[in-house]
Amino acid sequence: MLAPRRLGLALLLGLLPLTAAADDRSLDVVAPWEITGLDPSTSGYVFARMGIGETLVDTDAEGQPSAGLASDWQVADDDLSWRFTLRDDVLFHDGSPLSAEAAAKSLEHAWRKPGMLDSAPIEAIEAEDGEVVFHLHEAFAPLPALLAHSTTLILAPDAYDESGTVRELIATGPYRLASLAPPQRLTAERFDDYWGEAPAITQTSYLAVGRGETRALMAESRDADIVFTLDPASRARLMRNAQLSIHAEPLPRTIVLKVNAGHPFLDDQRARQALSLAIDRSGIATGLLRHPEAAAAELFPEALGPWHLGLDAGESQDLERARELLAEQGWEAGDDGVLRRDGEPFQLTLRTFSDRPELPLVATALQDQWRELGVDLNVAVGNASEIPSGHQDGSLELGLAARNYGLVPNPLGTLLDDFGSDPDDMGGDWGAMGWSDAELAGWLATLRHDTDPEVRSELAGRVATRLNQAMPVIPVAWYQQTAAVGTHLQGFSIDPLERSYRLDELRWAE
Amino acid sequence: MTSLTLSRSSPSRWRSGLRGLLLQRLFQAGLVAWMVGTLTFVLTRTLPGDMAYRIAAGRYGHDMVDSAAAESVRAELALDQPALGAYFGWLWDLLQLDLGRSLVSGEPVIHELWHQLGHSLGLAVMAVLLSLLLGPPLGLLAGRKPAGTLDRVSEVAASVLRALPPFAVGLLLILLFSVALGWLPAAGHGRFAHSVLPSLTLALALAAVSSRVARNAMAEVSQSAYYAFSHTKGLGSRLSFLRHGLRNAALPVVAYLGVQFVYLIEGVVVVETLFAWPGIGHALVHAIVARDVPMIQGTALVMGLMFVALNTAVDLICHWLDPRRRET
């Protein structure tokens, strides 16, 4: 007699965990980037974005360095040592407390591997009086920005073996790594002893899916809650799907034309300006990249704060003015429409590569747009390495590439690589070539050591303005990060610096 | 040797000819290993572009690559040394069964392959089983009534399925089963349900061919004198089919499977990329992009050897199915 009741009770009890499990739904993120392993030097970005690992320095809504695991930092009067004060209530995922010794050890491991820190003039990283201290051999103001990079995630001492190889990912973030199957998948769960506010979502997973078509279909079939990087064709289709919301945000990765300013046709800044004025950026952004807001009249997008000038892309094109500028330099249209000077046709070769599939398309658009101006452009699609090697041996005329100025919240490191602070030797693989500007070199040198925020902000604007005037590299478009998000999720936003997926701000819709 | 129990009636006859067959396949395996390795070595070295930049991009991401990073990779991996030395070094290591380390992850190639091979083999086995469930039964049915409705319909379906590239078939299956019906996950791995669509993608094209081969074989058998005789001596059509039809028709189907493995191995590369399946084909694509030469050589080697092994298995099955082969 009792048996059916017991059965009923058992069934009911069996169902209870199911209803409770509704809140334990896993948030599934799909993106194209693979997980190479456990080490922050190669895969730190995915652990940082998934909220598993954290850095000493975080970024605020304006993209400026803000308190992370370090609550505060000071630079000594001689600018040669930086002291980072740590939060005192932080626990690693194994329960051990975050100490200055642990953080210094972890940063030392990061410093010895390829990554951001090897570009800083660091002499030693030490723990002193409960603080992490960086000793430098020359002043280096952008240090806090470098410590926001995912290669500098802070891991517990037990995470490393004797040789410094990461054996287990013991970090401090709001989520703890539950399983890792490189190169594609990881799962994580909420870390209940997290120092900050506990996230609403308890389980997460990340899957690397290389093909754009597959990612889009995963969003449509609701196999994934968030899908990053949508190809243009799929994006248009997904926008019509009522169960998905589509987000886009310009990234500080810019499609730039690297110009050999030592070339006799291009050594005058008016020639470079003319080429820039002849580019229909809005056309390229709308027609090829399918994002009207991708048109870049300057190098740095809004996410880079004081470096952004706020120029209007619509006003960056002026074919008449471009013709005048070239005429001033003695160029005259020949019978075939190509400009000539002393009998020599205005003919250039643009090198680009197909690793980023939009680059060859943009290159051919430039070819077409410059034909209007009378410039005969050959497009050579090869390998990415041909641009740096062409820079080194001087054979490059023009190169079309993508450059990320937002690897850390301050583009200075990249700018020092690309333009340099030595007026006799300016330029870099992906930056200026055969170009020098002593004043700009001086500004960059000041930015390298001066820590006064007002001076830095003012100089950032000056550097950006000068680069935009002299055009050692010509901006064309900004990459857009795109995401398709199920409407059953609330609170989604894209971090333009791509440091975080901001999973801790998300919650399931009621 | 459990295989000996397969044909209990004539163990010695089953064994005869087997040694020659296995020896020949072993020699083939060695030859394949050397040729695949050499070819991949030559091809990756002659690909345009600077290897050091590629490897640096594979390791640290495109945004971090400049000539300094490339030079440090070049120095670390001795890429500026003459290619011939690197080639003989690889050959010597191979003789000691050492496949080297991945240039990108730094892990031993054999570890990575072991992990990936399991995923690929699982997919391949499931695809073959599914294709055998789908293709031959349909073909046998169609072959019993050549030019009947079923024969015509299945011919059109098979032609279409075989003509479509696996990439397109896969996309169509995702659209149908994941997006429209919501029955199966579109991509990923971890659960059994994840393996259904990728293996079905491969199985459909395999089944398309095997159904036609089975159909032709069955049509031939059903028009043969011995099949007519089996009816004449009083066996019903069911018994005739089971005793005289099935085994004779199975032979070309199994023999043709060997040829189809080429399709399977090339299909795995495409299907794994489409479905984000962490197998050997997926690894090969990534290794080529990153110019990870030891990984390319390792994956190509394993694929080549897999082909030899599968063909050996096909030979063994044919050897068991067809008593005529054992005498020769």
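Before anything else, a cut-off I needed: a residue is buried if 20 or more other C-beta atoms lie within 10 Å of its own, exposed if 12 or fewer, and partly exposed in between. I also noted on the page that this is a predicted model.

**Entry: two residues with positive phi**

I started with Thr229(A), which is not a glycine and yet has a positive phi of about 65°. I found Thr229(A) in the loop between strand 11 (226-228) and helix 6 (232-238) of chain A. Is Thr229(A) buried or partly exposed? I counted 19 other C-beta atoms within 10 Å of Thr229(A), so this residue is partly exposed.

Then I turned to chain B, where Ala276(B) has a positive phi of about 50°, again without being a glycine. Ala276(B) sits in the loop between helix 11 and helix 12 (280-289) of chain B. Here the count is 26 other C-beta atoms within 10 Å, so Ala276(B) is buried.

**Entry: a cis peptide bond**

Which residues does a cis peptide bond join? I found Pro182(A) and Pro183(A), with omega at about 5°. Pro183(A) belongs to the loop between strand 8 (175-181) and strand 9 (185-190) of chain A.

**Entry: the sheet in chain A**

Strand 1 (residues 26-31) and strand 10 (residues 203-208) of chain A run in the parallel sense, paired over six bridges. In that pair, Ser26(A) stands opposite Gln203(A).

**Entry: domains of chain A**

Chain A is divided into domain 1 (39-178 + 189-195) and domain 2 (250-479). I noted 35 Å between their centres, taken over C-alpha atoms. The contact draws 17 residues from domain 1 and 15 residues from domain 2. On the domain 1 side, I listed 10 nonpolar, five polar and two charged residues.

Chain B has 14 helices and zero strands. Its C-alpha atoms fill a box of roughly 85 × 55 × 30 Å along the principal axes. Of its 328 residues, 39% count as buried.

How many residues of chain B are in contact with chain A? I got 29, facing 33 residues of chain A. Helix 3 (51-60), helix 8 (166-180) and helix 11 (237-274) of chain B each supply at least two residues of that side. By class, the chain B side has 15 nonpolar, 10 polar and four charged residues.

**Entry: confidence**

Chain A has a mean of 89, and 95% of its residues reach 70 or more. Over residues 9-22 of chain A, pLDDT stays under 50, and the model has zero contacts there beyond four places in sequence. A reminder to myself: where pLDDT is low, the predicted coordinates should not be read in detail.

Technical notes:
Residues are numbered from 1 along each chain as its sequence is written. Chains are lettered from A and ligands numbered from 1 in the order in which they are written. This is a predicted model: local features need pLDDT of at least 70, side-chain atom pairs count only at pLDDT 80 or more; totals for chains, interfaces and linings use all residues. Two residues are in contact if their C-beta atoms, placed from the backbone, lie within 7 Å. Helices (H or I, at least four residues) and strands (E, at least two) are DSSP runs, numbered from the N terminus. Ala, Val, Leu, Ile, Met, Phe, Trp, Tyr, Cys and Pro count as nonpolar, Asp, Glu, Lys and Arg as charged, and the others, Gly among them, as polar. pLDDT is the predictor's confidence in each residue, from 0 to 100. Domain bounds come from an automatic or database domain assignment. Two strands pair if DSSP finds at least two bridges between them.
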